[in-house]
Each structure stands twice: as C-alpha cells, then as structure tokens.
Amino acid sequence: MRRNLALIALTCMLLRAADWPTVGGSPQRDGWAKSETAFTKDNVKGLELLYKFKAGSAPSTPMVLGRLITYLGFKEMLVFADSSDSAYSLDADLNRAIWKAHFSTEPVKTPAVIPEGCRDLMPVPIAMAGSSTAVVARTSRPAPGAVATPVRRPARGGEFFAVSSDGYLHIVNPSTGEDRAPAMQFVPPNSKVSALNISDNVVYAATLDGCGGKADSMYALDLASDANKVVAQPAQGGSIVGSEGSAIGQDGFVYAQARNLNGGNDAVFALQPKTLAVNDYFLTKTKITELGPGATPVIFNWAGSEVIAAGGSDGRLFLLDPKAMKVPLFESEPIAAGGFHNAFASWEDPEKLRWLYASSAAGVIGFRVEDRSGKPVLTKVWASAALASASAPVIANGVVFVLASNGLNALDASTGKMLYNSGRAITSPARGGLAIANRRIYFSTQDNNVYCFGFLAEQPQLTGK
Amino acid sequence: MRKLVFITFLCSAAWSADWPTDGGNPQRTAWQKDEHVLNKDNVKGLQILWKLKFDSPPREMHSLFAPLILEQVKTSGGVKQIAIEAGIADNLYAIDVEAGKVLWQKHFEYPPVKEGRGLRPGDPLCPGGMTGTPVIGPPGANGARTVYAMAGDGQLHSLNVADGEDVAPPFKFGFGNGKSYSLNLVNHILYTSTSQGCNGNPNQMWAVKLDDPQHKVMTANPKSGGMWGRSGVAIDSNGVAWGPTGDGRYEKETQTYGNGLIGAKVEGDELKIVDYFIPSNWTWLQKRDLDFQVTPTIFTYKGRELLATASKECRVYLMDVKNAGGDDHQTPLDRTPLICNEEVNFASAGIWGSMANWADARGTQWVLTPFWGPVHSNFKVPVSYGPVKNGAVVAFKVEDKGGKPQLTPAWMSRDMNRAEPPVIANGVVYSYGNGENTEQAYADRGLDDSSPLRIKNSTHAVLYALDAETGKELYSSGDQISTFSHFGAISVANGRVYMTTFDSTLYCFGLPGK
C-alpha cells in the first residue's frame, strides 16, 4: 500500500514539471517550492548526493527550467553562470552539459583600487520569468508551423536572462545558449548585482556595495519596448541589501531594502513598475551604525492581501502593507543580533498557517504569522541550532532547507529540529542560495562545484535500474 | 523433359511464399521462411524489376504502406501472384507482380468524416485517411482470399483479392481519421490499434469477430497516449494480442498502463487486458517522451513462447508471453543495455516501428531491431561496420544464461539513415534507411513537428541487404530510390523485395530472369 501511494505521488509529480526560475523561487522571493512533495520530515534524513558538476570558475546559484522541448529532446535544465562570464546548461537528470556559452564582453577598465566588497565578484544568477509556485503541464503540442516565440516578448520559460561583467544583459536561447538578440547595456560595468527579477516583461536588477564606481541602484529594462531604455533609481544615498535584490508584488510594484539612509536608517522602497519612481517607502526609526548584511524583503499573502516582511539592521522584523507603508502593520523587538541575512522564506502549511523563516548570524528562526485584531503579527516559534553563514532558507513540503558553513541542512519547518545535515558529502563551503525543483536540491560551493541532492532510488536514469 | 518441367513446377509451388500481413504473420516475425530465390550469394545482383507510381496522393508524410503478397491467386486471367498495395488516400491496388501492372484498384468513397474533433493541416502525427496496412485472410472454402482494409472513415471493407469486388458489406470498425495501425487477423478475429488521439480517437486496441453478424467492436484501453506500434499488435499462440501503449503513466489501481505493453484477449464478446508489462523506469520514459511503442515480435525458444519489444529509450526487452513482466509486471526476462539515444532525444533517435526474429539452420534464435541516430558509446557488439551516426540494425542471439533466455549482441550493421524494421529471408536481412527528416524540434523555436518542413528536408530511402549471420552488407540500392519512406515497410516473397516511398511509388527489386 505504501509503495502504491508513493507511486501515485510520484506519478502526480511527473505530470507537472516545476521550475525554480529565479533566486528565492519567485518574484516575491518567498523561497517556497510549492509543488515539491518529494521531501518529507520522515524521509529527508535519507538525502543523498546525486552528483556534482565542476564549473570553470565560481558558479552562481543554479536555477531550474523544469521542462523544455529542445532540438535535443525533452530536457530539465539546470542553469548557472560563472565568474568568467560563462553560462552553463546541464541536463539536470543526467548531470550532462547541454551547452556552455561564453559572453563576449566589452573591455572593462579596471579601477586602480577596487573596494573591499567589490573584489572577486560573484556571477549574477541566471533568471527566467515565472515562479516556482507556477507549475507547467505543457503536454499539448503547438500547431505545426506555429510562429516562433517573438524575441522581444519572452514567454514564461522562453528565455534565460544573464548579466555579464561588462554590465550587458543577455537574452539567451535556452536551447543553445546563444544570444537571441544583441546584448544591451543594463548596469554599469563591474557592478555587483545581487539578483535579477522579472515581471511583466521587465527585467530588474539591484546593484550593491557601490561596485563599478556607481551608487547602489535599482535598474529596470522594459523588454516590451523597442527603446532598450534602462531606468535607474539610486538608493537615496543608502546601500541596497540582501542576496535576492528585489521582491515584486502581484501588482508589479518592486520592493527593495536599503540601509544606512540619513546616517543609519533602514528603508523599504516601493517602486513603480518600469519607471522605478518611488511610490512609497518605510523608514525605520532607529539609526544603526554597526551594519549587518541585511536581507531582501519577502512578499506573501495573508488574509487575502499581500504583506511585506523586512528586517531592520537592529534585528527587528517588520510587516508592511504594500498599499500604506509608512506605518508598519507589525514591528517586533530586536530578535536577531546583527540583523538578518540574505533573504527570507514564507509558506502556508497544510493547516493554512502562514510561516516566515529568517536567517541570522545565529541560524534560522521560524515565525508564525498570526492575526491580532485583524492585523498580522509575528510570533517566534523556534530557533534552529547554531548555523553559521546561513543562506536564505527554502521551504518545501514542511521541510526548511538552508546552507551553512556545515553544509546542507534540513529542518522541521514547524519545530526547527535538525532532520539532516550533509556532513562529509560536501567538500567545500556552500556559496549562494538553494534551488529546489522536481525532487532535487541544488546549490554551489566555493570549490566551483554545483551539487545536486535527492534520493537515488527515484533517479532511474542515474542508477540504470 | 516434360517430367522435368513438371517437377520444376511442383518445386516452385512448394516454395511459394505469401506475405499476407504487415510483418509477414500475426506474430510479426518479419521472417519469410519460404524464400528460396534470393540468397547471400546472389542478392548482390538485385535490381529494380519495376516500379509503379500510383495516383494516390500522400497525406502529410504518409503515402503507401507495406505491400501484401499472395503467390497464387486464381483470377479471371489465370493464376497470378498478386501484391496488394494500400495508400493513405483510401486507395487499394492489386498488382500482377510478374508483369508489374495493376490488375484492379479501388477507391473508398465516403462523406467527410464528422466524428471527432478534426485534423490539423501540417501535422504528421494525424494524417487522416487509410492508415492501417490491410490484411489478407486465409483461403475460404472456395480457395478465394479476402483482403480486409479499413478506410479513413473507419469502415472495414472485405474485398476479393482476385478482382477487388466486395465479398461482404462494409461495417464500422474503427474511428474516422483515427489513425489505425496495421490490421492483424487470427481465428476470424481482426485487430488494430489507434494512437495519438488523432481526430479525438480513443487510443486503444480494437477487435472484431468477422463471423459475428453484429460485428460488435471490442476494445481494450490502456489509458495511454497511444498504441503506435508501426505494425499494430502481435498475436501469440494463445490468441493474446500484444501492443505497446506509447506515452503515458502507470497506475495499477486505475488500470492505467502507459509506457508499457498490454496483452489483450477476446473472451466472449469482450477484449480483455489479461497481462501487461511496465518498465521499471517508466517515469523516465514519460519524462523524456521515450515512448514504449514498438510492435513486439513473437517466437518460440526452447519450448517457451517469448516476445521482444523496445522503446525510444533504445533498449530491447525480452519476455515470456505467459507472464510478461513477472509477478510485479515490471521484471522482464532480459533488458539490454542502451543501444542508442545517448542524447535521450524523443525524435530522431531510439527504436521505432517493429522488430524481427528468425532461427538459423543450427537452431540459433535471433532477434533484430532497427534504431535511429548514433549508436550509444557504451554499447558493445562483437561485429560492426564502421561508425553509426544515423541508425543501424542490431542483431541479438537468444541464449540461455543462468537458466534464463538472454539477448546477446551479435552484430550491428553499417550506418543507415534512420534504419527501418528488417525482414529476414533465406539468410539475408533486408532493411532500409528511410531517408526521412525526423526532426520535431528546433534550436530557434522548440517543438515544431511540421510535415511540409520535414518533407522538404528529407532525402531518399536506401534498401540494404545484409548477411543475417554477420550483418555484412551484401547489397545497397544507392541512389536508385527517389524519395523517402515514412511508415513504410519491406515485404519479401518469391525472389522479390518490395518497398514503398513518399512519392506513391511501389518498388519491386529482384534478380532479372529469376
């Protein structure tokens, strides 16, 4: 009976191919692999290394295109960039290169003195339009001779977007790795771009740490316009924080967090789609001079409306109404020394309880979002065992996954209990964030490998059984 | 002298060979046991004896199907050897093969098909029209032979092979424009299968008792993407019809048997699924669209009736028809390593169509499969003939290992441009590279399976004759065939090798003067 149930579950999964198209899994940066059912609190202790792939130089956080019908067949693609301006597409089922592309870049003048935070820049994760919460079931075939997808209006899964070190945006044919259109100058050369985000045919990027000699800014490029006009919005004198750049609401508004405004305040800005005009903002009251890394805000649904969660440099958490940001819906006491790291994750459990997970210097903290007089409040439920250098958490089917200095960890999403640690399976510290799709977990390490974890018994193509 | 002529005639009669159905027989062995004219020594002298271009236009990529051959048919003009040729445009031709001339022809007229959801122009998967190779029944009481052909409207026609006249009123058997595959006939029960949901058809196995006055249509539905074994179903000695189920999923509880094989038998007035096999990696096959879709070939080996079949993944499976997949329906007697399709492509690679088997004079049992695309870099075969980039035929010996029959690779042929199902006759294997453009997806736009595009990019078929024991090339037709062949097949009988092409041409190869 158990075998039959497992078979049915596996079958249901196979009918749909999930994507992990962008860091945090979605434009909202909720870090929720919503359709993933392979991992459970019971079985996750049996996670195994499925394979690893050595990149030429430092690889970015990998992304997953669940299914693409290419001239080479049906492929689930694992895509990432490396710090040498190359992009890779692997057959995620087989750990086999499909293509490797190298972006020919404009010569970039290297400044005589490179600021500390701008050395050894990490490659920008490749991004696609779409969301990990949107599953694809493309079983029907298009009409023969149907017109190809227009280049300038990418459909979901239609293109990969990459930024090379010269600041050019590349629209990449996912089948071949070739540029589908001439690359466009998007951000300044040698910028430190945390992540791209895509919504309604507009690509957004956040630049950090003043790299490339320019102030931290949000950038937007409207792909539906023929003007190729790039819009920039500086961070009002502050610096943009978080590993995932920006979060985008269902209405297309872009939310990014900056710190050290006005000599120490944190702020969350709401920017209008395409124009990046400041529509609203939230400014913390406390000025902080000892600045932590900061985290990208997350947007989630609560009681039928979108809510933004953001963290202050003083370790407070804020819940914001995107339509009225000046006054927070909720403000916690300082609960994480040094503030929050990277990005958050949020999901709604089977009992319809909303959870928020945050990484800090101490580890991961789990909060429940509760109703208090019609307003959301955060209740701390658990704190994980000590996890140094915790990545942005990712939640899948009741299990929170997080990378830390000790490798890959799996935590019970309700209690924070450690369910799994990769131990010696990983030979180098992890770098960047996680991607989860279609029964597999991916991440990069500092020795330039991309790792894939899962259950070998579910991978007949790897075992030959 | 007169006595000598008489003896010669008797020998000739004794040697007479028919090819009454796709694959030669209900078991789809594709083994012409009665060929005595062509052999390993003389086959190099093959020539085109004649070719006939019919006024039967192709639809999408389809044109003509496997020719059927009867050696001795009493006609008003005397006893003739007749080939029956079916065209997708609902045409049926009878050809006097000695003269290379049409004896009679029939066009099945019907009003536009209204059932179903219609066809999409340019779709090579669903051409509409008569898609199933007809089948010729056994001699009747008067010795007459009947050819059964299903027109594009799903009506089954029964015609006298001698003159093309109806011997029974047509009746509805299949789904209009539903893409029925080659008909098969055993014990007065006619079978076909349908696939790809063409025109909204149900993808299933179909059967009808020809002697049932009501002609009740019986079906067995595996709930899959389509039973598209090129030669339809293969039937074992117990009357179980075996058909691959194509794309789909496996769910035992709901009797969903995608990406596998079903065996169905007529019991009373129902066609019941009595056994099935699902490969252990069916989820992988489904994910990569590597359909289990090859018509099995059935044979007896050391007292056991076995079948061999395959999929686009490019493995061959060996099973016992009494218990196809063991107790769990997922354990074959043997499963070969990957022969090809290292790229894991759903098009232009893998095993397509049907298979073949034969036993040599020493009793060695052979199983043959064609494949498309490059050979797998890990596939080891003792005898081969140069790099294989586009396809080839592989022969296996069936041998006992550890008390179980196993498939041992014996030889791999020369490179063929999309090798098609082989036929074995008198120690010679005939196969052809179909010359067809098989691409269904493109780098710039993804999936675009378009007949006009594929036709434009196709080349021409090449017929090959190979030594059946070594795979050595004995003959190649070179550039003599003008166009490609999509879903065609070879037929061999009485010193002649037949095949068809897209330009509605039937080729007859043989030895002049023989």
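Me: What share of the contacts in chain B between residues at least 6 apart in sequence join residues at least 24 apart?

Reply: Two residues are in contact if their C-beta atoms, placed from the backbone, lie within 7 Å; among those contacts in chain B between residues at least 6 apart in sequence, 60% join residues at least 24 apart. This is a predicted model, in which local features need pLDDT of at least 70 and side-chain atom pairs count only at pLDDT 80 or more, while totals for chains, interfaces and linings use all residues. Residues are numbered from 1 along each chain as its sequence is written, and chains are lettered from A and ligands numbered from 1 in the order in which they are written.

Me: How many helices and strands are there in chain B?

Reply: Helices (H or I, at least four residues) and strands (E, at least two) are DSSP runs, numbered from the N terminus, and chain B has three helices and 37 strands. Its radius of gyration, taken over C-alpha atoms, is 21 Å, close to the 24 Å that the globule rule (2.2 Å times the number of residues to the power 0.38) gives for 514 residues, so chain B is as compact as a globular protein of that length.

Me: Which strands make up the open sheet with mixed pairing?

Reply: Strands of a sheet pair through backbone hydrogen bonds, either parallel or antiparallel. Two strands pair here if DSSP finds at least two bridges between them, and the five strands of this open sheet in chain B follow the order β1-β29-β30-β33-β34. At its edges stand β1 (31-32) and β34 (473-476) of chain B, each with a single partner strand, so one side of each has no neighbour in the sheet. Within the sheet, β30 (residues 428-433) and β33 (residues 462-467) of chain B pair in the antiparallel sense over six bridges, and V429(B) has L466(B) in β33(B) as its bridge partner.
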